[in-house]
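Have a look at the sequence and the model before reading on.

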Amino acid sequence: MQSDFNQLLDNVIGPRLIFHVMECYICGYDEIYYQHPDTQEQIGHACEGCNYVKTFSFQNEHSS
Ligand SMILES: [Zn+2]
């Protein structure tokens, strides 16, 4: 089944690739770092065990 967590990732982070996976220091589950498919910038991280999703904010996107 499609988890609510994936839905949350879609809503908060959007298009993403897995950049790095490490053990969450809080719950021991997988904490996943994501990068943008095009820019390769790190865009956020998430832990399904903690139901935690956070984006990194970058201020270098100057599109005119
Ligand atoms: Zn966790």
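What follows is a short briefing, grouped by topic.

This is a predicted model, in which local features need pLDDT of at least 70, side-chain atom pairs count only at pLDDT 80 or more, and totals for chains, interfaces and linings use all residues. Residues are numbered from 1 along each chain as its sequence is written, and side-chain values use heavy atoms, with hydrogens and water left out.

**The overall layout**

- The protein chain has 1 helix and 4 strands; helices (H or I, at least four residues) and strands (E, at least two) are DSSP runs, numbered from the N terminus.
- Starting at the N terminus, the order of the elements is α-β-β-β-β.
- Of the 64 residues in the protein chain, 27% are buried; buried means under 20% relative accessible area, exposed means over 50%, and partly exposed is in between (1.4 Å probe, protein chains only).
- Take the contacts between residues at least 6 apart in sequence: 23% of them join residues at least 24 apart, where contact means heavy atoms within 4.5 Å.

**The zinc site**

- Four cysteines hold the zinc ion through their SG atoms: Cys 24, Cys 27, Cys 47 and Cys 50, at 2.2 to 2.3 Å from it.
- Donors here are N, O and S atoms within 2.8 Å of the metal (3.2 Å for Na, K and Ca), and since water is not among the atoms, sites may look incomplete.
- The site is tetrahedral, with angles of 97 to 117 degrees among the 4 donor atoms; four donors get that label if all angles lie between 85 and 135 degrees.
- For reference, the ideal angle for four tetrahedral donors is 109.5 degrees.
- Along the sequence, the donor residues follow the spacing C-x2-C-x19-C-x2-C.
- Cys 27 sits in the loop between strand E1 (17-23) and strand E2 (30-35), while Cys 47 belongs to strand E3 (residues 42-47), so this pair ties together parts that are 20 residues apart in sequence.
- Cys 27 is partly exposed at 37% relative accessible area, whereas Cys 47 is buried at 1%.

- Phe 56 lies in the segment after strand E4 (52-55) and is partly exposed, at 31% relative accessibility.
- The structure has 1 aromatic pair.
- That pair is Tyr 33 with Phe 56, stacked at 6.4 Å centre to centre with 25 degrees between the planes.
- Rings of Phe, Tyr and Trp (its six-membered ring) pair if their centres lie within 6.5 Å; planes under 30 degrees apart are stacked, over 60 edge-to-face, and the rest tilted.
- Tyr 33 is in strand E2 and Phe 56 in the segment after E4, so the pair links parts that are 23 residues apart in sequence.
- Tyr 33 is buried, with a relative accessible area of 16%.
- The C-alpha atoms of Phe 56 and Ile 43 are 5.1 Å apart, although 13 residues separate the two along the chain.

**Gln 35 in strand E2**

- Gln 35 is found in strand E2 and counts as buried, at 13% relative accessibility.
- Leaving aside neighbours within four places in sequence, Gln 35 is in contact with several residues, including Arg 16, Phe 19 and Ile 43.

Terms used:
Tetrahedral: all angles 85-135°; square planar, octahedral: opposite > 155°, others 65-115°.
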